Amino acid sequence: MDSKVLHKLSYGVYIVSSVNKERKPNGQIANTVFQITSNPATIAISINKSNLTHEFIKESGVFSVSILAKNADLSLIGRFGFKSGREIDKFEDIDYEIKGGVPVVKQSIAGYLIGKVKDSVDVGSHTLFIADVIDAEILSDAEVMTYAYYHEIKGGKSPKTAPTYIEEKENKNNLKKGEVKMKKYRCTVCGYIYDPEKGDSENDIEPGTAFEDLPDDWTCPICGVEKDQFEEVVDD
C-alpha cells in the first residue's frame, strides 16, 4: 500500500482547545476536524489519547475549534503542535477569550466553533469526539490555511501523535558531476527541515543561504529551538 495516497486527502489546520476541572486551558493543533450533519450542526474531531487536550475534553465535555488563517505564523503552530501543555502554559502571552467555557484563540484565525460532546468512539490510538455545535462565529474574511499549504508552502511537519502522520524519508537528489549540494538540516524536536535552496521566509532568510551561514540567533520557525538542536540530513 502506498500510504502517501493519504496525503491526497484535504484538511484544514485548527487549534482545538478545552479546559480541565480547574478551568486550566490547553490546546493543540489538529487537522481532523470535519462536519457530519447540518441539522443539527454536528462536527467530529480525532484526538490522540496521549495528548493533554484529550484529557481535558474528557473532563469538560466541551471544546473549541479555532480555524487558522493562511497567514498564521509557524511559531503559533509550533507552540500548539510541538510542545506539551504538561511542560508549558500554551496560552501564556496568547490573545484569547473564553467562549462557551473554553478558550478561543483570537490571533490569526478566521473563525471558531464551540462543540459540546455527545458521543465518542474509541479508535485505538485516538478518540473520535462527536459534538453538537453550540456556538460559532466568523471573525475575519481571511483565507483559511489548508494542511497542504502548511506542508508545501510553509514547510511544516506533522507530529508523530497526529492521526495523519506518515514517516517521511528524504529523497536522493541526482547532482551533476562537480556540483556541490548544500546540506539540509533537520530539527530534532519537531522534524522541520531547513533546506538552503528554499531559505526560511518566516525568518527572512533568503534562498541559497547555507545552514552554517544562518545568524547565531536564528531559531526553528516551527518549534523555536536554537541551531544546536539541528542535525545534518544524511541521504541513504
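Modeller: In this predicted model, isoleucine 15 stands opposite serine 66 of strand E5. That contact belongs to the pairing of strand E1, residues 14-19, with E5, which is antiparallel and extends over four bridges. Serine 66 also has a counterpart in strand E8, where tyrosine 112 stands opposite. E5 and E8, the latter spanning residues 109-122, run antiparallel and are joined by seven bridges. Strand E5 itself covers residues 62-68; six of its seven residues are buried, so the strand is largely enclosed by the rest of the structure.

Burial also marks helix H2, residues 74-81, which is mostly covered, with six of its eight residues buried. The buried residues of H2 are Leu74, Leu76, Ile77, Gly78, Phe80 and Gly81. As a general point, an α-helix has 3.6 residues a turn, so residues three or four places apart point the same way.

Another antiparallel pairing, again over four bridges, is that of strand E6, residues 96-99, with strand E7, residues 102-105. Here lysine 99 has valine 102 in E7 as its bridge partner. Two residues lie between the strands of this hairpin, and glycine 100 adopts a positive phi near 65°.

The aromatic side chains complete the account. A search of the whole structure finds nine aromatic pairs. In one of them, the ring centres of tyrosine 194 and tryptophan 218 are 5.6 Å apart and the ring planes stand at 70°; the pair is edge-to-face because that angle is over the 60 degrees required. This pair links distant parts of the chain, 24 residues apart: tyrosine 194 belongs to strand E11, residues 193-194, whereas tryptophan 218 lies in the loop between E11 and strand E12, residues 230-232. Both partners are buried, because the relative accessibility of tyrosine 194 is 0% and that of tryptophan 218 is 4%, and the term applies under 20%. Tyr194 and Trp218 also belong to one aromatic cluster, together with Tyr185, Phe211 and Phe230. Phenylalanine 211, a member of that cluster, has lysine 227 over the face of its ring, at 5.3 Å from the ring centre.

Note on methods. Residues are numbered from 1 along each chain as its sequence is written. This is a predicted model: local features need pLDDT of at least 70, side-chain atom pairs count only at pLDDT 80 or more; totals for chains, interfaces and linings use all residues. Side-chain values use heavy atoms; hydrogens and water are left out. Rings of Phe, Tyr and Trp (its six-membered ring) pair if their centres lie within 6.5 Å; planes under 30 degrees apart count as stacked, over 60 as edge-to-face and the rest as tilted. Buried means under 20% relative accessible area, exposed over 50%, partly exposed in between (1.4 Å probe, protein chains only). A charge sits over a ring if NZ of Lys or CZ of Arg is within 6 Å of the ring centre and within 35 degrees of the ring normal. Two strands pair if DSSP finds at least two bridges between them.
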